[in-house]
Amino acid sequence: MADKDLYDIRKNCVMTISIVINKVEDVEVLKGLVCAEVVETLSKMLSGNDIAMLLEVMEALNKLLEYGQSHFTDKDGVNLIALKLDECSGLTSLEALQEHPNTQVSEKAISIIEIHFGYEDEANN
């Protein structure tokens, strides 16, 4: 299978997962997706060049992070989804996207980092 075909399959799968995450309200479904390592899968797609996919993936991660804050924290109140995103280099990818040439992408990355990780882009200070 050609690399392009494999990428297209991954893209379609990720887009489907993202749409489900963004539409579902059932906490148990979101919990199942987190347990299925969807955070890691979405994080890997943050390095792509497809603007629509980047925005969809970031929106899905944002919803998972919101879910994590209200339903998936440790005894100290740490968002376990944010921790998982950091551990799988997703936060590093988001930090890199702050410098993306597409304004929508860079602004979304900045917003996610400010809201869920509690710090601002150093370039904007």
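# Pairs, cysteines and helix faces

User: How many aromatic pairs does the structure hold?

Analyst: The structure holds one aromatic pair. This is a predicted model.

User: Which residues form that aromatic pair?

Analyst: Tyr67 and Phe72 form it, and the pair is stacked. The rings are 6.2 Å apart centre to centre, with 20° between the planes.

User: Are Tyr67 and Phe72 buried or exposed?

Analyst: Both Tyr67 and Phe72 are buried.

User: New topic. How many salt bridges are there?

Analyst: Searching the whole structure gives five salt bridges. One of them joins Asp50 and Lys11, with the closest N and O atoms 2.5 Å apart.

User: Where do Asp50 and Lys11 sit in the chain?

Analyst: Asp50 is in the loop between helix H3 (38-44) and helix H4 (51-71), while Lys11 is in helix H1 (residues 3-23). The two are 39 residues apart, and the pair links distant parts of the chain.

User: What class of accessibility does Lys11 fall in?

Analyst: Lys11 counts as partly exposed, because its relative accessibility is 24%.

User: What else is Asp50 in contact with, leaving aside its neighbours within four places in sequence?

Analyst: With those neighbours left aside, Asp50 is in contact with Tyr7 as well as Lys11. The Asp50 side chain also reaches the backbone nitrogen of Ala52, at 3.1 Å.

User: Which residue meets Lys63 in a salt bridge?

Analyst: Glu25 does, with an N to O distance of 3.6 Å between the side chains. Lys63 lies in helix H4 and Glu25 in the loop between H1 and helix H2 (27-35), so this pair ties together parts 38 residues apart in sequence.

User: And is Lys63 buried or exposed?

Analyst: Lys63 counts as buried, because its relative accessibility is 14%.

User: What about Asp76, which residue does it form a salt bridge with?

Analyst: Asp76 forms a salt bridge with Lys75, and the closest N and O atoms are 3.8 Å apart. Asp76 counts as exposed at 60% relative accessibility, and Lys75 counts as exposed at 79%.

User: OK, cysteines now. How many disulfides are there?

Analyst: The count comes to zero disulfides.

User: How far is the nearest cysteine sulfur from Cys35?

Analyst: For Cys35 the nearest cysteine sulfur is that of Cys88, 15 Å away, and Cys35 is in no disulfide. Cys35 is exposed, with a relative accessible area of 56%.

User: What happens at the start of H2, and what follows the helix?

Analyst: At the start of H2, a side-chain oxygen of Asp26 reaches to within 2.9 Å of the backbone nitrogen of Glu28. After H2 comes Glu37, whose phi is positive, near 65°.

User: Last one, H5. Which residues in H5 are buried?

Analyst: In helix H5 (residues 80-87), the buried ones are Ile81, Ala82 and Leu85. The buried residues of H5 line one face of the helix, because they fall within an arc of 100° seen down its axis.

User: What covers the buried residues of H5?

Analyst: The cover includes H2, H3, H4, helix H6 (90-97) and helix H7 (103-117).

User: Which residue caps the N-terminal end of H5?

Analyst: Asn79 does, through a side-chain oxygen that lies 2.9 Å from the backbone nitrogen of Ile81. H5 is followed by Ser89, whose phi is positive, near 70°.

Key:
Residues are numbered from 1 along each chain as its sequence is written. This is a predicted model: local features need pLDDT of at least 70, side-chain atom pairs count only at pLDDT 80 or more; totals for chains, interfaces and linings use all residues. Side-chain values use heavy atoms; hydrogens and water are left out. A salt bridge is a side-chain nitrogen of Lys or Arg within 4 Å of a carboxyl oxygen of Asp or Glu. Helices (H or I, at least four residues) and strands (E, at least two) are DSSP runs, numbered from the N terminus. Buried means under 20% relative accessible area, exposed over 50%, partly exposed in between (1.4 Å probe, protein chains only). Rings of Phe, Tyr and Trp (its six-membered ring) pair if their centres lie within 6.5 Å; planes under 30 degrees apart count as stacked, over 60 as edge-to-face and the rest as tilted. A disulfide is a pair of cysteine sulfur atoms within 2.5 Å. The arc is that of the directions from the helix axis to the C-beta atoms. Contact means heavy atoms within 4.5 Å. A polar contact is a pair of N or O atoms within 3.5 Å; within protein, one must be able to donate a hydrogen and the other to accept it, and residues adjacent in sequence count only if both atoms are side-chain atoms.
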